[in-house]
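I opened the model to look up folds, contacts and charges. My entries follow in the order I made them.

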Amino acid sequence: STHVAFAMKGDLWQFPFGEGSDGRFLVEGDIHGGRLQYHPRWPAVDGIDGTFRFENRRMEIRAAKASIFSSRARQVSAVIDDLRGAPPVLTIDGDIDTTGADGVRFLRESPLVDGPGAFTRAIAIEGPGRLKLHLTYPLADGARVQVAGDYEFTGATASVGKDLALHDVAGHLAFTQDGVSAPGITGTLFGAPARLAMASQADGRVLTTIDSRIDSAALARFVPDAIAQRLHGTAQWRARILSSREGTELTVASDLQGLGVDLPAPFAKAAGDARPVTVSIARLGAPGELTQVSLDGGTEARLARETVDGAERWNVALAFGVPVADAPRRDGVWLYGRLPALDVDAWRAVFPSDADAAGAQAAGEAARRGFELHGLDLTLDRVRYLDRDYADVHAALERARGEWRGRLESPKLAGSVTWNPAGNGSLVARFERLSVAEAAHPQRTQASYSSRPLPALDVAAERFEFRGHWLGRLDLKAQSSGEEWRIERLDISNGHAKFASKGGWRPTADGPITTLELSLKADNLNALLGQFGYGDYLKRGDGSLEGTLVWPGYPYDFTLASLAGHFNVEAHRGQFAKIEPGAGKLLALLSLQSLPRRALLDFRDVFSDGFAFDRIHGDVKVARGVLLADDFEISGPSAFVSLDGRVSLPAETQELVMRVVPEVSEGIALAATLIGTPVLGLSTLLVSKLLRNPLGKVVAYEYRVTGSWDNPQVTRISAPPPKAAAATP
């Protein structure tokens with residue numbers, strides 16, 4: 001103080017004068033950089049530049065300049081009308097030009113934080129504002145400070161946590177020592193107009209509500225890019241914030257009407273449909289924060305956040321059709337419950353495995369925070385995976401030390417699996433049963449294939465079915481070698497046949513391609529055909545097939561229409577059974593039973609009642625599912641047959657030239673009429689030689705066979721000459 005004036009006049013026995021006394025006591029002066037600490041629990045008034053005056057029983061401090069925290073205060077006064085009062089009462093008034101941070105700091109760092117100022121535990125305010133403050137403080141033990149404040153927002157930003165930020169805030173917030181009221185604060189939230197209201201409740205808590213809309217672009221900040229790209233439209237939402245000394249609770253609710261979600265089930269939603277969702281956060285921003293989500297349709301989630309060694313960690317449970325409260329708490333993200341359908345292929349399209357660097361970085365950050373999938377225990381009524389459907393699947397899988405381990409159980413597959421995603425990935429599986437069905441979309445174009453290398457496989461199945469047919473025991477081992485995926489072995493065996501193969505898969509400019517070198521040996525052809533529904537169409541017999549097949553796509557994309565390659569067929573000592581019309585079409589073609597009886601003339605019974613053969617032999621080429629045969633031979637005690645031409649497996653049609661040389665009694669050929677007398681011992685092998693020269697046409701019945709397998713069109717090309725002509729010298 002640079003100037004102080006003092007005056008005393010009157011009988012000191014009457015000090016401090018007043019109440020009818022004519023004495024006078026006065027001390028007054030200026031203040032520079034003064035501080036008024038009126039209560040130990042309330043913020044002090046600092047930096048006072050003004051005057052003080054004690055006159056008789058009255059104290060008056062007036063400041064033209066002062067500050068509370070870092071905010072400038074104007075027209076501040078502190079007055080006690082009667083220092084001898086019972087008790088004396090201090091009154092403080094001031095106008096404060098403040099930032100939002102200091103405005104809520106005044107409430108947060110005073111006893112009001114346990115009452116009307118409780119909302120400041122969750123709501124942060126930054127930006128300009130003006131606070132008018134009136135405090136009345138009886139200077140007595142246990143007396144409460146009476147407060148009347150009015151905070152005017154002039155463009156500040158109010159934030160709840162890290163995600164809700166109301167910009168350009170305008171309106172008034174009034175508070176007392178008992179409550180707070182803000183019925184009409186406006187601003188902009190996520191680029192849309194928003195309205196905020198605040199009021200104290202009967203139980204002492206402060207309720208803050210926010211109403212606004214949000215569009216898909218704003219939602220993108222809260223979800224992965226892959227999901228954000230599949231959101232469109234806008235939706236209305238409301239937030240409720242309950243604040244008290246025990247903590248803050250935040251609830252956000254929306255019916256999502258107007259927001260479209262182009263995700264697979266169970267999250268797909270048309271924009272016009274309503275699907276209410278509620279997000280509740282208890283102990284917001286405090287240790288033990290807990291988030292619960294409820295989405296109409298039976299989906300619930302629980303998210304708990306904690307800090308471990310200074311790092312933020314999460315344990316998350318996502319439950320379908322069951323209460324999430326029943327789910328145990330585990331580190332990372334876990335899935336529980338039951339779903340009527342899960343399209344894994346569709347979800348793989350949402351989150352492609354060949355993610356870019358940004359995606360990989362995001363995944364690494366999620367892993368660092370413990371916010372990654374660690375396990376699942378799901379029952380699925382229907383699953384689609386690799387374009388194939390599986391029913392009643394139970395999957396119990398857990399991630400440990402970078403590997404996924406667990407068990408899959410369903411009518412079509414059951415066994416243990418281990419998946420290591422490192423590098424190209426590695427799968428080890430031991431199945432009691434495994435069934436691979438027909439693809440749901442077998443005509444899928446090659447453009448849909450990925451060039452990403454396939455994972456290493458070590459798969460065994462005691463009972464293996466392919467497209468509805470039991471095959472036997474499966475043993476598959478394959479691994480990547482550069483860009484190529486090498487199939488070291490793909491073996492299938494049972495009691496009557498063994499299929500062994502090796503090959504590879506590799507990407508090309510026109511799409512990936514699979515090549516397989518195969519060998520099939522069977523000591524019971526009837527049992528082998530019975531596996532494919534053609535039982536008892538062939539009696540006895542053994543055989544083999546060796547060759548190389550090629551088809552576009554992955555190994556499991558095998559289809560007849562795309563098949564190419566070549567193979568050799570060999571069979572011995574068997575007999576075709578009588579095949580009913582419409583059954584065993586390809587076998588009926590091979591046994592010649594599908595041909596009209598009139599075409600077979602005098603030896604129709606040889607074929608229609610069961611053609612016995614000593615040997616079937618032929619080299620066959622394949623192009624787009626069409627078999628190309630050159631001298632495919634069937635020889636037996638009753639006849640020799642040679643087939644040339646093409647057979648379409650996808651279309652079930654043929655274009656063949658068929659030559660038939662009948663034989664009667666053990667090796668006596670009717671074809672011997674070529675020289676006018678029978679030639680004893682003319683074997684089928686010799687006849688086959690004759691068929692390869694012009695003379696052979698004289699002794700053979702020759703036909704052209706076209707049309708479908710069900711309705712073949714047969715045209716005779718040539719036949720043996722009449723017997724009379726044959727007898728002429």
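**Entry 1: a hairpin**

I began at Y703, which stands opposite R716 in β41. The strands β40 (residues 701-707) and β41 (residues 712-718) pair in the antiparallel sense over 6 bridges. I took pairing to need at least two DSSP bridges between the two strands. With 4 residues between them, β40 and β41 form a hairpin. I noted for reference that side chains in a regular strand alternate between the two faces of the sheet.

**Entry 2: ground rules**

This is a predicted model, and I read local features only at pLDDT of at least 70 and side-chain atom pairs only at pLDDT 80 or more, while totals for chains, interfaces and linings use all residues. Residues are numbered from 1 along each chain as its sequence is written, and side-chain values use heavy atoms, with hydrogens and water left out.

**Entry 3: the whole protein**

I listed 12 helices and 41 strands. Both are DSSP runs numbered from the N terminus: helices are H or I of at least four residues, strands are E of at least two. Of the 729 residues, 43% count as buried. Buried means under 20% relative accessible area, exposed over 50%, and partly exposed in between, with a 1.4 Å probe and protein chains only.

The protein exposes about 36,600 Å², and carbon and sulfur atoms supply 54% of that area. The areas come from the Shrake-Rupley method with a 1.4 Å probe; for residues, only the protein chains shown count as cover. I then looked at contacts, meaning heavy atoms within 4.5 Å. Among contacts between residues at least 6 apart in sequence, 47% join residues at least 24 apart.

Is V27 buried or exposed? V27 counts as buried because its relative accessibility is 18%. V27 lies in strand β2 (residues 24-36). Leaving out residues up to four places away in sequence, V27 touches V4, A5, F6, F52, R53 and F54. I also checked V27 against N56, 29 residues apart along the chain: their C-alpha atoms are separated by 9.1 Å.

S216 lies in helix α2 (residues 216-219). S216 also counts as buried, at 18% relative accessibility.

**Entry 4: salt bridges**

I counted a salt bridge where a side-chain nitrogen of Lys or Arg is within 4 Å of a carboxyl oxygen of Asp or Glu. By this rule the count comes to 30.

The R407 and E432 side chains meet in a salt bridge at 2.6 Å, N to O. R407 is in strand β25 (residues 403-409) and E432 in strand β27 (residues 426-436), so this pair ties together parts that are 25 residues apart in sequence. R407 is partly exposed at 34% relative accessibility, and E432 is partly exposed at 40%.

R489 and D475 meet in a salt bridge at 3.0 Å, N to O. R489 sits in strand β30 (residues 484-493) and D475 in strand β29 (residues 469-481), so the pair ties together parts that are 14 residues apart in sequence. R489 is partly exposed, with 30% relative accessibility.

I also found D203 and R205 joined by a salt bridge at 3.0 Å, N to O. R205 is partly exposed, with a relative accessible area of 27%. Last, R24, E28, R53 and E55 are linked in a network of salt bridges.

**Entry 5: nonpolar cores**

I defined a nonpolar core as a set of buried Ala, Val, Leu, Ile, Met, Phe, Trp, Tyr and Cys residues joined through side-chain atoms within 4.5 Å. Which residues have the most contacts inside the largest core? They are Y38 and M198, in a core of 149 residues. Strand β9 (residues 146-160) gives the most to this core, with 6 residues. Apart from this core lies another, of 6 residues, among them A317, A319, V324 and W334.

I went back to M198 for its contacts. Beyond residues up to four places away in sequence, M198 touches several residues, including F119, I123, L173, V206 and L207.

**Entry 6: a surface patch**

F6, M8, L12 and F15 form a nonpolar patch on the surface, with about 420 Å² of accessible area together. Patches are made of residues with over 30% relative accessible area and no salt bridge; like charges are joined within 9 Å, and nonpolar side chains (Val, Leu, Ile, Met, Phe, Trp, Tyr) within 5 Å. F15 is in the loop between β1 (4-9) and β2. At a relative accessible area of 38%, F15 is partly exposed.
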